[in-house]
Amino acid sequence: MTAPRLDRDAPGRPTAPPVRIVHLGVGNFHRAHQAWYTAHAADADGWGIAGFTGRRPDAAEALGPQDGLYTLIVRGPDGDAFELVGSLAAVHPAADHAALLDYLRRPEVAVVTLTVTEAGYLRGADGRLDLERAEVQADLETLRTDAGAAVTTVPGRLVAGLAARRAAGAGPLTVLSCDNLPENGAATAAVVGDLARALDPGLADWIAAEIDFATSMVDRITPATTAEDVDLVARSQGWTDAAPVPTEPFAEWVVAGRFPAGRPDWAGAGVALVDDVTPYEQRKLWLLNGSHSLLAYAASQRGHRTIDAAIADPVARGWVETYWDEAVGHLSLPGDQVSAYRAALLDRFGNPRVRHQLAQIAADGSLKLAVRIVPVTRAERAAGRLPTGCSTALAGWVRHLQGHGVPVTDPNADRAQEAASAADPRAAVHGVLATLADDLAADEAFVDLVVARLDALTA
Ligand code: CS2
């Protein structure tokens with residue numbers, strides 16, 4: 001017997017809350033994190049989310065027929081807990097540009113959240129919008145000729161939406177980034193501001209005055225959905241969910257923003273509202289994400305394919321501990337909090353039921369390493385030390401770019417891949433580092449260290 005499909009009409013199912021949040025990038029991470037926190041707010045009945053897909057439209061295809069409802073599978077080390085999440089009130093493909101403009105014209109829409117990955121911001125080396133990119137140029141041209149025509153980039157969609165809001169007189173709102181980027185609020189303000197200024201300085205001034213670009217640190221390990229997850233939900237819950245979301249028990253969200261048009265009672269749902277996210281963001285980005293990248297590139301050279309397998313290997317775990325020893329000295333949170341986070345990370349990584357794929361984490365390394373490993377490396381070099389943990393991560397990346405371990409999926413790594421193919425290891429390391437950080441490529445002692453680590457990984 002096939003279980004019935006999820007929908008909101010069956011008895012006991014939550015009704016769709018009115019849309020007051022728009023989300024760009026409605027993938028698994030958003031559904032394990034922001035949508036889940038919003039569903040747990042005391043005023044959840046008043047805060048529905050309209051989600052737009054990111055690069056892939058499959059979430060809209062799967063979630064549309066089930067009215068945005070989905071099952072969260074919380075994978076504890078000893079068993080699963082299931083939760084039906086009802087905060088996603090509508091799901092649209094990214095191409096449904098008219099729907100995006102329509103939402104942003106509504107005064108009651110108060111927050112636009114983003115999980116568009118590091119790549120979605122289209123930043124150049126200086127952190128500003130890369131206006132030279134073809135897709136940015138194409139969006140600018142579209143915006144100039146027809147304010148309602150569909151644009152494709154994240155900055156383009158935000159600028160179009162905010163222009164529609166301004167024209168409708170719908171007032172201020174908050175744009176809240178939930179991506180793993182340092183100072184993600186300022187990063188979003190920069191790329192949106194740059195595109196708006198190129199289009200219309202009046203719009204850019206209005207955005208600067210009215211729009212609150214809030215910052216956040218998000219944390220919950222969320223692997224991709226498998227066919228087994230779909231089967232498990234059908235067997236255990238009695239409904240067919242085409243897109244359940246597996247995740248871990250741990251979750252953390254630290255947010256700084258003004259929220260001039262309001263927000264859900266996230267604090268009551270466990271979200272920390274603070275003045276400055278930076279200490280939390282550095283702790284998470286450097287400890288969790290940095291060691292994730294280290295394992296994705298270096299532990300995959302030892303044949304591992306998942307985080308739990310990698311961290312169970314004493315050699316790979318030793319690399320992680322060494323890297324953490326380097327990173328912790330540069331964090332500003334109290335030492336006991338850092339130690340507790342570090343200890344919890346070992347348990348989180350060791351959870352054998354999450355099965356987080358190294359190949360998934362390895363994607364887009366050129367953008368991730370720049371904000372995870374490079375800042376710790378620089379801080380260590382400034383302190384006069386040669387960081388072995390950081391260099392293992394970077395040597396692992398060179399090996400990975402040379403075609404070993406898990407496959408390379410990084411549209412921005414052409415130059416790095418070409419450099420990595422040099423026959424001479426020192427030339428390969430130097431060339432790869434030059435694509436990431438000129439100062440590190442020019443640092444002879446550090447290059448020597450990465451070459452030595454590459455040698456060790458190759459052997
Ligand atoms: C991971 C993150 O894929 C990656 O790059 O490091 O998705 C990580 O699992 C999350 O940031 C955890 O909060």
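Two strands are said to pair if DSSP finds at least two bridges between them. Helices (H or I, at least four residues) and strands (E, at least two) are DSSP runs, numbered from the N terminus. The structure is a predicted model, in which local features need pLDDT of at least 70 and side-chain atom pairs count only at pLDDT 80 or more, while totals for chains, interfaces and linings use all residues. Residues are numbered from 1 along each chain as its sequence is written.

Strand 1 (residues 19-24) and strand 2 run parallel and are joined by five bridges. Within this pairing, Ala 50 of strand 2 is the bridge partner of Val 22. Strand 2 is also joined to strand 5 (residues 88-92), by four bridges, and these two strands run parallel; here Ile 49 stands opposite Leu 88 of strand 5. A residue is buried if 20 or more other C-beta atoms lie within 10 Å of its own, exposed if 12 or fewer, and partly exposed in between, with C-beta atoms placed from the backbone. Five of the five residues of strand 2 (residues 48-52) are buried, so this strand is largely enclosed by the rest of the structure. Gly 48, Ala 50 and Phe 52 are buried on one side, and Ile 49 and Gly 51 on the other.

Pro 18 is placed in the segment before strand 1. This residue counts as partly exposed because it has 13 C-beta neighbours inside 10 Å. Apart from neighbours within four places in sequence, Pro 18 is in contact (C-beta atoms, placed from the backbone, within 7 Å) with Gly 46 and Gly 48.

A further open sheet consists of three strands in the order 4-3-9, with mixed pairing. Its edge strands, each pairing on one side only, are strand 4 (80-85) and strand 9 (245-247). Strand 3 (residues 70-75) and strand 4 run antiparallel and are joined by six bridges, and Thr 71 stands opposite Leu 84 in strand 4.

Note on methods
Contact = placed C-beta atoms within 7 Å.
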